[in-house]
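Subject: Handover of a structure and its findings

Dear colleague,

Please find below the structure that I am handing over to you. My findings follow it, and I would ask you to read them with the structure open.

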Amino acid sequence: MRFTSGSGAEVLMGAAEGKSMLYLEARCVAITRAAGSQGTQNGGIDGINVTGSVPNGMREILAENVMATLYGLESCTGNDTQMSASDIRRTAHTLPLLLAGSDFLFSGFGSIPSYDNTFGASNFNAEDIDDYLMVQRDWGFEGVLRSQGDDTLLPLRRRAAEACRAVLDELDLMTFDDAVLERVVTAHGSLDVSEHQTDETARAGDAIIEREITAVDVVRALSIRGFELEAERVLEMTRQRLFGDHLQTSAIFAEDMSVLSALTDPNDYAGPGTGYRPAPTRLEEMARVRQERSHVKLLAEQEPHAGCVVLTETGPATVRPRPDEVVVGISPAFGVDVWLTLSGLTVGEALRQILAGIEEEGVAARVVRVTHSLDLGMIGWTAANLSGSGVALGIQGKGTALIHRADLPTLANLELLSMAPLIDASRYRLMGRNAARHAHGEKPSPVLLPESGEPMGPRYHAKVVALINRESQCLRPGNPQEIEVTWPS
């Protein structure tokens, strides 16, 4: 039964009577319960677009959800209709429901793209799936969805398209060729498939009515065409509709198609921590999102560049009494296990540009591998204490670089380029020149990065962790002696 389309419905129909939307919805929900209905449509939030457009409207949505629950009516917590085109507003609406521990976030995820979601039947669309999977993982709530790769999805989509074509053909309703089928398999939405003639679709609809085609005919057609598994599942779905157990309050289907409801699985909530929690195996499954990048994948782009520069270790590094040199301190894995900086330059090219900049200022350069620390400040400071001029340039494998001076504290420096993804070849060269100028006692203008103060994308952070982990594996804590390194000219 349906007595309401949610708060806002009366306003849309011009029958607000000068009353609040919550009052009008309370009246509808009370009538729904009094009539003996076991549930309201989606918890009564079809009119959320109107309710959400006024001050405190989102609080009203929460109130009507609570109200439906107190009446013992099924209540999905307001995500079955798109309440806004704003990603931020949709998220702000959903967050309190997650904090409250809602079991029924919505009754179905809209797996179609937003441009096909004409009815606005879901607060989330196909474009939101990856984000939704991450929210499901981060919050540990049962969002039902499971991440799958193309190797799993494409065969399923092809099987589904073939089954649909077989049914339409067997029942003499419609035909389409292999080219159309393949477009359906890989389509994102309706714009990616050819359009059937409207009259052809209409004729098929008329035939279904005139010939009284039912789900049993679909089952029979699937079976005849060899789709036994699909036939059994459609038949089981039809059985469940006849049984009607899914119409009980708060009913859901389990994986074996058994019904869990307020009758078969009563609420035994006894306070915080006693509600539903996904099992450890399910939590592990949630963690396997398709955009997950493993340690191996994060480092995979390093491998093609292995050996891009040959750095030869010649022995312990010592202080040299020459004031016209700059020591370049490199990190433990630089040119050993780390070959590509975050900006996309190879470590060999970054080092070549630094050395060229130093040479352009008429200053000698020496390369030393710092083996006891991967901290950039320590690398630069250690190199500065080995430098005859007291000035050094330190660089990590991921590309972060600084200019240091021996008389400064470890965590202080002359110049720092901390945004490795933004350091291009020209800036490494300028860093080399500035280091040489500092060695001459000059005060050059610092090298600036082309950034607006906006933080780097979080996508770099996981890669940084992987690169730093590789650097840490090259540490030599038992041998703190720094190593002289030669490089090809």
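Glutamate 17 sits in the loop that joins helix H1 (9-12) to helix H2 (21-34). Its phi is near 60 degrees, which is a positive value in a residue other than glycine. Please note that the model is predicted.

Asparagine 56 belongs to the loop between helix H3 (48-51) and helix H4 (57-70), and its phi, near 65 degrees, is a positive value in a residue other than glycine. Asparagine 56 counts as exposed because its relative accessibility is 55%, and the cut-off for exposed is over 50%. As background, most residues other than glycine have a negative phi.

How does the span of helix H7 agree with its number of residues? Helix H7 covers residues 150-170, which is 21 residues, and at 1.5 Å a residue it should span 30 Å. The C-alpha atoms at its ends are 29 Å apart, which agrees with that expectation. Just after H7, aspartate 172 has a positive phi of about 55 degrees.

The buried residues of H7 are Ala161, Ala163, Ala166 and Val167. In general, an α-helix has 3.6 residues a turn, so residues three or four places apart point the same way.

The packing of H7 with H10 can be described in detail. Two packed helices are described by the angle between their axes and the distance between the axes. For H7 and H10 the angle is about 110 degrees, and the axes are 9 Å apart. H7 is therefore roughly perpendicular to H10, since angles of 65 to 115 degrees count as such. On the H7 side, Ala163, Val167 and Glu170 take part, and they meet Val218, Ala221, Leu222 and Ile224 in H10.

**Helices H14 and H16**

Helix H14 (residues 347-360) packs with helix H16 (residues 425-439) at an angle of about 40 degrees, and their axes are 7 Å apart. The two helices are therefore oblique to each other, and their crossing is right-handed. The residues of H14 that meet H16 include Glu349, Ala350, Gln353 and Ile354. Their partners in H16 include Tyr428, Arg429, Gly432 and Ala436.

Glutamine 353 lies in H14. Is glutamine 353 buried or exposed? With a relative accessible area of 7%, glutamine 353 is buried, because buried means under 20%. Leaving aside residues up to four places away in sequence, glutamine 353 touches Ala425, Tyr428 and Arg429.

Histidine 438 is found in H16 and is buried, with a relative accessible area of 15%. Again not counting residues up to four places away in sequence, histidine 438 touches Val391, Ile403, Leu414, Glu415 and Pro444.

**Helix H15**

Why is helix H15 described as largely enclosed by the rest of the structure? Helix H15 (residues 376-386) has 11 residues, and eight of them are buried, so the description follows from that count. The buried residues are Leu376, Gly377, Ile379, Gly380, Thr382, Ala383, Ala384 and Leu386. Their cover includes strands E4 (325-330), E5 (364-369), E6 (391-395), E7 (401-405) and E8 (415-417).

**Cysteines and two further residues**

How many disulfides does the structure hold? It holds zero. Cysteine 28 counts as buried because its relative accessibility is 11%, whereas cysteine 164, at 48%, counts as partly exposed.

Glycine 205 is found in helix H9 (residues 198-210) and is partly exposed, at 30% relative accessibility. The C-alpha atoms of glycine 205 and cysteine 164 are separated by 15 Å, and these residues are 41 residues apart along the chain.

Leucine 99 is found in helix H5 (residues 87-99). Leucine 99 is exposed, with a relative accessible area of 59%. Between leucine 99 and tryptophan 139, which are 40 residues apart along the chain, the C-alpha separation is 8.8 Å.

Yours sincerely

Terms used:
Residues are numbered from 1 along each chain as its sequence is written. This is a predicted model: local features need pLDDT of at least 70, side-chain atom pairs count only at pLDDT 80 or more; totals for chains, interfaces and linings use all residues. Side-chain values use heavy atoms; hydrogens and water are left out. A disulfide is a pair of cysteine sulfur atoms within 2.5 Å. Buried means under 20% relative accessible area, exposed over 50%, partly exposed in between (1.4 Å probe, protein chains only). Helices (H or I, at least four residues) and strands (E, at least two) are DSSP runs, numbered from the N terminus. The expected span of a helix is 1.5 Å times one less than its number of residues. Axes are lines fitted to C-alpha atoms, for helices over the stretch in contact, and angles run from 0 to 180 degrees between N-to-C directions. Angles under 35 degrees count as roughly parallel, over 145 as roughly antiparallel, 65 to 115 as roughly perpendicular and the rest as oblique. A crossing is left-handed if the near helix is turned anticlockwise from the far one by less than a right angle, and right-handed if clockwise. Contact means heavy atoms within 4.5 Å.
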